[in-house]
Amino acid sequence: MTARRHQPANTYPLYLIPGAVAFLAVIVYPFALNVYYSFTNWQGVGSPSWAGLANYRQLMKDSQFWQSFQHSLAMVVAMAVVPTVIGLVVAAALFDFVAKHFGSKLAAVLRACFYLPQVLPITVAGIVWSWILAPENGSLNELLKAVGLGGLRQDWLGDPHFALYSVMAVMVWVQLGFPVVIFMSGLQRVDPALHEAAELDGTSWWQRFWHVTLPQLRPEIYVVMLWCTIAALKVFGAVYVLTKGGPADATDVPSYFSFATFFEKTQVGYGSAIATVMTVLILALTVVGLSFQTRAEDAR
Amino acid sequence: MSKARSRTVVTAMALASALLLASCGSSGGSTGDGKTLKLWHYEGPDSAMGIAWNQAIAEFKKTHPGVKVEFEAKGFEQIQKTASMVLNSDDAPDVMEYNKGNSTAGLLAKQGLLTDLTPEVTKYGWDKLLSPSVTTTSRYNTQGVMGSGDWYGVPNFGEYTMVYYNKDLFAKNGVQVPTTPEEFTAALAAFKAKGITPLADAGAEYPAQQYLYQLALTKADRAWVNAYQLYQGKVDFHDAAWTYAANTFADWVAKGYLAKTSSGAKAEDAGVSFISGKYPIFFSGSWWYGRFKTENKFAWGSFLWPGSKLTLGSGGNLWVVPKKAKNKQLAYDFINITMKQGIQNTLGNNGGIPVAASPTAITDPASKTLIENFNKISAADGLAFYPDWPVPGFYDDLVSAVQKLLTGSAKPDQVLDELQKAYDAGAPKS
């Protein structure tokens, strides 16, 4: 008979319990309840009455929801696409030009400045921007007047033709710091020899950016795009503070629409259906994005 | 898995489940000890109501030695958006200020979250202090519709809208104070001719929709209001009153009497622009009166909308006692103190409209006029409530509607179509 070797017990699962319980309590349980309520008519208290798929049928033909969803796509442009593009150029410029010619300290200070809006609570930033964009005595209009461009003054947040673009511009400002920081740390990972070799070959800055920096930063670009797209699809705070979905629904987004349906109209069942559809869309997008990212990384 | 390990896992899971259940459950359901009054309201400390209620708290403490008052200052929106959840929990206050109307207090009453105050109203005689039109917003039927049924709230102030005007700007521009609708329109045109936008406005919040509703009220009567607010008849947004209101509003925007740029402005912006002397006229509620008294640096006055027997207004916000309140008797005592003459006089002398003050105790002449006007309107059954009351969420629908009129992004007819759709979706189906 051979002596059995004592194997230490695998206690790792124990450490997972607190996280699993929290996940169940904070994510799974409320989401399951939300899905359940989406099949009911309910005012928030009392007994919900079963409505089957009625809320979803209503949602499918609700033009306000689809309009709000279109605004979400505009937010993806403002919060993911534009900040990623500008962020790449800014990060490369700070890393490759400012740090080299003016020192890494200045580059770090500028990076912090770009990141500052990310640290500010969105309500504070939103209120300040609503002052800047105010039609009367707003800083932007006053500035335009002062430089002789008074004819360009607008009601930036109150005119349906401009409101969505104004909110998008604010969101570009809010989001820009995130890709800048991620891309700058990504650039530090890139082998400097690649840039040096390209430089010795007599390439221009733009050629180096296009053929060296950009391909090297692909993993960071995927992360930033995915992260920011999800943030854009569920954007709420900025819309709430700046426009409350107005003027005339011009900046309404699904999360604000869901909130108003819940709390203003007290149609909890319908609000839950909106929230469920949003969650499913975001989850689907995340899964597609992650698999795309994994495939791209595997192909490298 | 060894027995010892499985025991550890089971114990840990049991503990975690207990914690989870505890976090999901209620925070205890103890009954009151009669030693603490939990009070919530959302009036600013410098407002007439804030001042009066601070005095009421002091008096309550004097008459209830040993009772602690736990006052929490809340925001209007905070209470508005979370009331049903808070009142459904065991953390409900004993007495709370709440907005009146079908989609607010009526909804809570229908949901069984408020205490029926009818016995206390009779016992303390509050009904004898309040005029019938003020009590409309205190009583709700089983469907949560105001005007009849049991008492679910007690108001102790009133409010109404009026035309505030800058006397200095009127005099400087040679404009007469209007007394008829024609003179009113002529005054607007006269200011516009001098390059001045006459009406202070805010499209992102209530002021713009109050202009619209007041325009409709000039062509309406009590039956029209009752149909709209109390569902006592068919509501047609393409009737003469609403059509006149939407067309006139759009016309005033086109003529520059209402600024297009006001579509994104908030109520505060409109009020401040009147205070700064930029606009000569502002149509809004008596809740601005005290502030104008303090902050206006020019001679100003007010008059009722010319040619209209009806104006926006009602009894003020309600004191409600949640069904789950623990110290209801203390709550009743507190409400009773706020109805006493001393507190009511304080309210009246600080720019509020008391419902039970002694006429001789109001010493400020401006406050006297304000209160007299309210009593006149109230006695003539002229309070037409507010346009957003009939259905939940209608406030946002109205904001969207007037913004479309201000920016010209929809025709009056289309706007009225949208309002009809939103109203029909939210009104009780009978």
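1. Leaving aside residues up to four places away in sequence, B:Thr135 touches B:Leu130 and B:Trp151; contact means heavy atoms within 4.5 Å.

2. A word on conventions. The model is predicted, so local features need pLDDT of at least 70 and side-chain atom pairs count only at pLDDT 80 or more, while totals for chains, interfaces and linings use all residues. Residues are numbered from 1 along each chain as its sequence is written, chains are lettered from A and ligands numbered from 1 in the order in which they are written, and side-chain values use heavy atoms, with hydrogens and water left out.

3. Over all chains, the whole structure holds 14 salt bridges, a salt bridge being a side-chain nitrogen of Lys or Arg within 4 Å of a carboxyl oxygen of Asp or Glu. Three of them are described in the points below.

4. In chain A, the side chains of A:Asp96 and A:Lys100 form a salt bridge with an N to O distance of 3.3 Å. About one helical turn separates A:Asp96 from A:Lys100, because they stand four residues apart in helix H3 (residues 63-102) of chain A. A:Asp96 is buried, with a relative accessible area of 10%.

5. In chain B, B:Lys324 pairs with B:Asp90 in a salt bridge whose closest N and O atoms are 4.0 Å apart. B:Lys324 sits in the loop between strand S12 (318-320) and helix H15 (328-338) of chain B and B:Asp90 in the loop between H3 and S3 of chain B, so the pair ties together parts that are 234 residues apart in sequence. B:Asp90 is buried at 18% relative accessible area, whereas B:Lys324 is partly exposed at 36%.

6. B:Ser89 is also placed in the loop between helix H3 (76-87) and strand S3 (95-98) of chain B. Its relative accessibility of 23% makes B:Ser89 partly exposed. A polar atom of the B:Ser89 side chain lies 3.1 Å from the backbone nitrogen of B:Asp91. From C-alpha to C-alpha, B:Ser89 is 33 Å from B:Ser133, and the two are 44 residues apart in sequence.

7. A further salt bridge joins the side chains of B:Arg222 and B:Asp381, at 3.3 Å from N to O. This pair links distant parts of the chain, 159 residues apart: B:Arg222 is in helix H11 (residues 222-230) of chain B, and B:Asp381 is in the loop between helix H17 (365-379) and helix H18 (394-407) of chain B. B:Arg222 counts as buried at 19% relative accessibility, and B:Asp381 as partly exposed at 37%.

8. Finally, helix packing in chain A. The axes of helix H4 (residues 104-119) of chain A and helix H8 (residues 177-189) of chain A come within 7 Å and cross at roughly 135°. Residues of H4(A), including A:Arg111 and A:Phe114, meet residues of H8(A), among them A:Phe178 and A:Met184.

Technical notes. Helices (H or I, at least four residues) and strands (E, at least two) are DSSP runs, numbered from the N terminus. Buried means under 20% relative accessible area, exposed over 50%, partly exposed in between (1.4 Å probe, protein chains only). A polar contact is a pair of N or O atoms within 3.5 Å; within protein, one must be able to donate a hydrogen and the other to accept it, and residues adjacent in sequence count only if both atoms are side-chain atoms. Axes are lines fitted to C-alpha atoms, for helices over the stretch in contact, and angles run from 0 to 180 degrees between N-to-C directions.
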